[in-house]
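Here's a quick briefing to read alongside the model. Have a look at the structure first, then work through the points below.

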Amino acid sequence: MTTEAVIQINYTPTILVVDDEVRIREACRLVLEGCGYGVSLADTGAKGLELIRDQHFDIILLDLMMPELSGFDVLAQVKALHPDTVIIVITGYATLEHSVDAMKKGAFDFIPKPFTPEHLRVTIAKAIDYTRTLRDIADTRSRLRTLVNRISDGVMCTNHEHRVALANPAFLRMIGCAAESVIGSGMDDFLDISRIREMIRNALDMSDAPAMELTEEIPIDGHGQSEEMILNVRCAPFRDRSGRNIGVITVLHDITALKKMDRMKSEFVSMVSHEIRSPMNSVLMQIQVILDGLAGELTDKQRDILTRAHLKIENLARMTTELLDLARIESGLITLERESVAMADLIRDQVAFHLPFAASASIEMVVDVPETLPSVLANRRNMEEVLSNLITNAIKYSPGGGQVTVSAAVVNDYLRIRVKDTGMGISTEDQHRIFQRFYRVKDEKTRYINGTGLGLSIVKSILESHQGRIKIESQQGEGSRFSVFLPILTG
Ligand code: ADP
């Protein structure tokens, strides 16, 4: 049973029989009450209309040929009063002409006199099915309308001409629109945020990939109520049965408070890191002085302990530097300084830089990059950091030697850079987690490999701030392949 069926409300259909022949009225009552329906009777058109004004009927069985007010007059008035009432006409002399005429005026069906109880039952059952469907549609629409109007996220639905079919109060509030309703308006008439309009247009033009949507975080002014709002905007096209895009659903989620908290957290982390970095560097220098023998001879045991302490503090110092980097990237400071970066040279430089480290780990480095590649608009230091992190990891997590290949190619409007290794690989479960801050895979193989768990979260943050993304393919024991996508600088 479907959920819809579970919450369907049971009701007894109500039927009114309007006929001047007592024999017909009573026969109908007998048959229909026998089926469990609620039946009312009227012997003239006028009495029928009186009842209809007082009470809603699902179905009206209406004799066309009655003295005074004819069935056709009653039909016209019922259609005006209750357009959703289903009318079945009873035709005394089975002329097709009358029946067709009545159907044209809005009757659902007709029964020619004389009719059998079975014929009546079948015709009524068909009509009840129809009213049930109408009622279900009306209920579903009302449920949906209440749901959409109550939720705190902004929701708008536009058609293929960008006209509004639905926009809830939260949507209008978030975009700063004072109008009560914008149903039927073109979005250009009331939606002042050009980036959202652009996203809706792009979503409508999106090709046939299923479940595709456009997502963006857009800062907008707070319409006099607050300083600035940050909206998470999602636009998804919806399609007709032949798969054509026929409109777009836009959902707005206010993430201002979340962003503010995130910024405060980053500021705190960066303040703490900054404060502990200098004392840690001075401890490192002092240990180095002792290790160099400048403070007197050391026993082997003392040297061993101090070397291990030095290594641990070095790790901590690296972590504070990386935390500061991450805080800077997330605050958007670094990415402001962007330039056109020739990636082919940058990749080759990074590979050359890591050659000694690879050699010390018995790893062969392979570069497969075309002579020239299109440029990307990026922060050069960020790009070096992305490659350096991926190459270092590829070498670090390939303990038994092997090969690391760095390649690049143009894929659609993106530059794809791949770093592939033949190392230990990453389990499917961990592939989702390794981009989280401080996450490190903990097992026998990684136990003695140094790291902070921050490298990949830095890579991810950098790529997000460059409108790029990263993808990982890996199998445990068989190596990993990280693919970075960066939008190509056009024009
Ligand atoms: P770190 O290397 O400092 O621990 P990262 O954020 O760079 O931090 O990586 C997170 C984790 O992802 C690592 O601890 C490691 O377990 C796993 N990892 C990253 N790159 C690879 C790789 N090429 N092969 C196998 N595991 C990897």
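Let's start with Ile88, which touches Ile59, Ile60, Leu61, Leu62, Phe108, Asp109, Phe110, Ile111, Thr123, Ile124 and Ala127, leaving aside residues up to four places away in sequence. Contact here means heavy atoms within 4.5 Å. This is a predicted model, where local features need pLDDT of at least 70 and side-chain atom pairs count only at pLDDT 80 or more, while totals for chains, interfaces and linings use all residues. Residues are numbered from 1 along each chain as its sequence is written, and side-chain values use heavy atoms, with hydrogens and water left out.

**Around Ile88**
- You'll find Ile88 in strand S4 (residues 86-91); strands (E, at least two residues) and helices (H or I, at least four) are DSSP runs, numbered from the N terminus.
- Ile88 is buried, at 0% relative accessible area; buried means under 20%, exposed over 50% and partly exposed in between, using a 1.4 Å probe and protein chains only.
- Ile88 and Phe108 are 20 residues apart along the chain, and their C-alpha atoms are separated by 5.7 Å.

**Rings**
- Searching the whole structure turns up 1 aromatic pair.
- That pair is Phe108 and Tyr130, stacked at 4.8 Å centre to centre with 25 degrees between the planes.
- For Phe, Tyr and Trp (its six-membered ring), a pair needs ring centres within 6.5 Å; planes under 30 degrees apart are stacked, over 60 edge-to-face, and the rest tilted.
- Phe108 is partly exposed at 23% relative accessibility, and Tyr130 is partly exposed too, at 38%.

**Helix H6**
- H6 has 34 residues and reaches 48 Å from its first C-alpha to its last, close to the expected 50 Å; that expected span is 1.5 Å times one less than the number of residues.
- Buried residues in H6 include Thr123, Ile124 and Ala127.

**Domains and cores**
- The domain assignment gives domain 1 (3-146), domain 2 (151-254), domain 3 (259-331) and domain 4 (335-487); such bounds come from an automatic or database assignment.
- In the largest nonpolar core, Met343, Ile347, Ile417 and Phe482 touch the most other members out of 44 residues.
- A nonpolar core is a set of buried Ala, Val, Leu, Ile, Met, Phe, Trp, Tyr and Cys residues joined through side-chain atoms within 4.5 Å.
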